[in-house]
Amino acid sequence: MADKLTSRQQAQIAVLEGLPTKFSQMHRLIEELAGPRPDISVVRRLCRLLDEGKGATSGVGLSALTQTMGSMGMMARRTGGEQMKIRGLREGLASLKINFDGALRAARKPVEPGAADPTAAT
């Protein structure tokens, strides 16, 4: 018997499928910030990208991704040690990719009839 995905899972998959392109944009912007003379507009673009992703993932209940993007946004907006900020953003992006893989795997797992939704927030 073919198990079906819930509407919540379908919404999560729709949001998750758009994230890999955003990840590559985030990577490019972070590496641009690591360059010799980063421009403030790069920080603004990165923050806007993180805020858009945060809003999208928050709307479908992907809390791990939402929290990671929120902390990366805070880190990008901070002033101070540039190298520390760059390292934190790189580590945040790595964490984001790991959380993405887990969320995508959970969203694609079919739910048996009568069972609880595995993607539901606890």
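A: The crossing of helices H3 and H4 is left-handed, a term that applies if the near helix is turned anticlockwise from the far one by less than a right angle, with clockwise giving right-handed. The model is a predicted one, in which local features need pLDDT of at least 70 and side-chain atom pairs count only at pLDDT 80 or more, while totals for chains, interfaces and linings use all residues. Residues are numbered from 1 along each chain as its sequence is written, and side-chain values use heavy atoms, with hydrogens and water left out.

H3 and H4 pack with their axes 9 Å apart and at an angle of about 160 degrees, where axes are lines fitted to C-alpha atoms, for helices over the stretch in contact, and angles run from 0 to 180 degrees between N-to-C directions. The two helices are therefore roughly antiparallel to each other (angles over 145 degrees count as roughly antiparallel, under 35 as roughly parallel, 65 to 115 as roughly perpendicular and the rest as oblique). On the H3 side the contact is made by Val43, Leu46, Cys47, Leu50, Asp51, Gly53, Lys54, Thr57 and Ser58, and on the H4 side by Leu65, Thr66, Met69, Gly70, Met72, Gly73, Ala76 and Arg77, contact meaning heavy atoms within 4.5 Å.

H4 is also paired with H5: their axes come within 9 Å and cross at roughly 170 degrees, so that H4 and H5 are roughly antiparallel to each other, and H4 passes H5 in a left-handed crossing. Here Ala64, Leu65, Thr68, Met69, Met72, Met75 and Ala76 in H4 meet Lys85, Gly88, Leu89, Gly92, Leu93, Ser95, Leu96, Asn99, Phe100 and Ala103 in H5. The C-alpha atoms of Asn99 and Thr68 are separated by 8.7 Å, although the two residues lie 31 residues apart along the chain. Asn99 is partly exposed, with a relative accessible area of 23% (buried means under 20% relative accessible area, exposed over 50% and partly exposed in between, with a 1.4 Å probe and protein chains only).

H5 meets H2 as well, with axes that come within 10 Å and cross at roughly 170 degrees; H2 and H5 are therefore roughly antiparallel to each other, and their crossing is left-handed. From H2, Leu19, Pro20, Phe23, Met26, His27, Ile30, Glu31 and Leu33 meet Ile86, Leu89, Arg90, Leu93, Leu96, Lys97 and Phe100 in H5. Leu29, placed in helix H2, counts as buried at 3% relative accessibility. Its contacts, not counting residues up to four places away in sequence, are with Val42, Arg45, Leu46 and Leu49, and the C-alpha atoms of Leu29 and Val42, 13 residues apart along the chain, are separated by 6.4 Å.

Leu16 touches Leu62, Leu65, Phe100, Ala103, Leu104 and Ala107, not counting residues up to four places away in sequence.

For the chain as a whole, the secondary structure comes to 5 helices and 0 strands (helices are DSSP runs of H or I with at least four residues, strands runs of E with at least two, numbered from the N terminus). Buried residues make up 34% of the 122 residues, and residues 24 or more positions apart account for 69% of the contacts with a separation of 6 or more. The accessible surface comes to about 7,400 Å², of which 54% belongs to carbon and sulfur atoms; accessible areas come from the Shrake-Rupley method with a 1.4 Å probe, and for residues only the protein chains shown count as cover.
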